[in-house]
Every structure is written in structure tokens, then in C-alpha cells.
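Colleague: I have a few minutes before the next run. Can we go through this one together?

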Amino acid sequence: KEEIKYLISKFSNLKKISESYIVKDKKIQNIDININKRINFLYSDSNTKNLKEIITKLKETQTNTKLNNFQKFKVLDKIENLIVETTTMPNYCSLGLKINGNIVLLKNYSNKNLDFSSWTNIKKLSSFENHVLALKEDGTVLSFGENRYGECNTANWKNIKILRSSFEHTVGLKEDGTVVATGRNDFGQCNVSDWKNIKYVMACDDHTIGLQKDGKVVAT
């Protein structure tokens, strides 16, 4: 009876260990999926700085997630905390975008209690001195900071695939090739409602440029 109890206890422990590895393995699979998404996104966004270096780093990380045996679990925490993009608002803080789409506060320059824990599934950040915008995986947009001209009025935006922001206005390219804009418009930089078949946009201080699918350029 004692031997049976011992074997049952040992089996229970092994079962728990096995279950924990199954959970970790699923986590690693999800990380692998996230890396593929981010690599594809970086390839589609020609404005990304140091594109080759970032993609190389991600591919190395992806190789680590595919290691045979239990070695891959040793790098799990390191991979989950990998920061693939950073951005700074000098008047507020510096933020980091992790591989899992979460935001981490790197440094707080203000006296305010800043909390970005609810910002999840983020694929791109765009910030200036006084505000930051985040493009989510589902095509919606989050914003934080000063909103003097309405540059952060993006709560109702949907199906955005490219997000661009200048100092005082924000532009979003939608999946259907149309464009939306909000913020300062004294030079007409937000007059994009009639744009169609756009595949790339750029927001500058007082103008907006769009590249059409046929190679033609529009600007306002």
C-alpha cells in the first residue's frame, strides 16, 4: 500500500509537470505566431527604422522558440520580455513595445502616475513631444497625452493598417485604401476624405502625402 501511495504521488507530480510544459509550449507557439505577424508588418511598413536589424533579431528569437527539448523553456521569459520598439515623449515618458504586444513603461519623466497596463495587442507606436498613439492588431487606435488640436481623437477609428502622426495631426490608412485624419487643419492637412486606392501615407508638420496603388501621389 505504501508503495502504491508513493507511485500515485509520483505520477501526480509528473502529471503536473507535464501539464505545465504543455502550457509553456502553447505560449511558445503563440510567441512564434506573434513574431511572424511582426515580421510581416515590418516588411509592409517601409518607414520602420533599422528594418533589417530588427527582422534579423526577431528571426533569431524565433529560432530560439523552435529549439528541441527543454532548452526552449529556458529562453521563454527572455523572449516574452523582448522589446522590439521604443518611443519617447520628452514631457511624459519612454515606452517599449514588447514582442507579445504589451507596452512597458521604460522611464517616467513626469510627476504623474502613468499606467499603460491596459494597452495590449499593440503592433505599432507613434509619438511626439506631448502625445503617443498605438495601432492595435484589430485595427483600432489608442492615444495618450495632450490633445490641443484633436490629434488624439481616434477612438472611433477602425480597420486601420498604417498609422502616421505629426506634431499636431494624425493620419490613418484603412484596409480598404481610404484615409482618415484628425487634428490641426489650418493648411488642409486633414482633407483626405476623398482619397481612394491608397497603399501608403505620410503625415508631416503641415501637409499629408498619399501613395496610390497605381504609383501616383496625392497630397494636401
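Predicted model: local features only at pLDDT ≥ 70, side-chain atom pairs only at ≥ 80, totals over all residues.

Colleague: Fine. How many helices and strands does the chain have?

Modeller: The chain has four helices and twelve strands.

Colleague: And what share of the residues is buried?

Modeller: Of the 220 residues in the chain, 40% are buried. The chain exposes about 13,000 Å², with 49% of that supplied by carbon and sulfur atoms.

Colleague: Switching to Asn 130. Where is Asn 130 placed?

Modeller: Asn 130 is in the loop between strand 4 (122-127) and strand 5 (131-136).

Colleague: Buried or exposed?

Modeller: Asn 130 has 8% relative accessibility, so it counts as buried, the cut-off being under 20%.

Colleague: Which residues is Asn 130 in contact with, leaving aside neighbours within four places in sequence?

Modeller: Met 89, Asn 91, Tyr 92, Phe 144, Gly 145, Glu 146, Arg 148 and Phe 167. With Asn 91 there is a polar contact of 2.4 Å between the side chains. Arg 148 is 18 residues away along the chain from Asn 130, and their C-alpha atoms are separated by 9.7 Å.

Colleague: Tyr 92 and Phe 144 are both on that list. How many aromatic pairs are there?

Modeller: The count comes to three aromatic pairs. Tyr 92 and Phe 144 form an edge-to-face pair, 5.3 Å centre to centre with 75° between the planes. That pair links distant parts of the chain: Tyr 92 is in the loop between strand 1 (83-89) and strand 2 (93-98), Phe 144 is in strand 6 (residues 141-145), and they are 52 residues apart.

Colleague: Are those two residues buried or exposed?

Modeller: Tyr 92 counts as buried at 8% relative accessibility, whereas Phe 144 counts as partly exposed at 24%. Phe 144 also pairs with Phe 116: the ring centres are 5.2 Å apart and the planes are at 75°, so this pair is edge-to-face. Phe 116 is in the loop between strand 3 (103-108) and strand 4, 28 residues from Phe 144. Phe 116 is buried, with a relative accessible area of 5%.

Colleague: Which residues do the ring pairs link into a cluster?

Modeller: Tyr 92, Phe 116, Trp 119 and Phe 144.

Definitions and conventions
Residues numbered from 1 in each chain as written. Heavy atoms only, no water. Helix = DSSP H or I, 4+ residues; strand = E, 2+ residues; numbered from the N terminus. Buried < 20%, exposed > 50% of the residue type's maximum accessible area, 1.4 Å probe, protein only. Areas by Shrake-Rupley, 256 points an atom, 1.4 Å probe, with all protein chains shown as cover. Contact = heavy atoms within 4.5 Å. Polar contact = N/O pair within 3.5 Å; in protein donor to acceptor, adjacent residues only side chain to side chain. Phe/Tyr/Trp six-rings, centres within 6.5 Å; stacked < 30°, edge-to-face > 60°.
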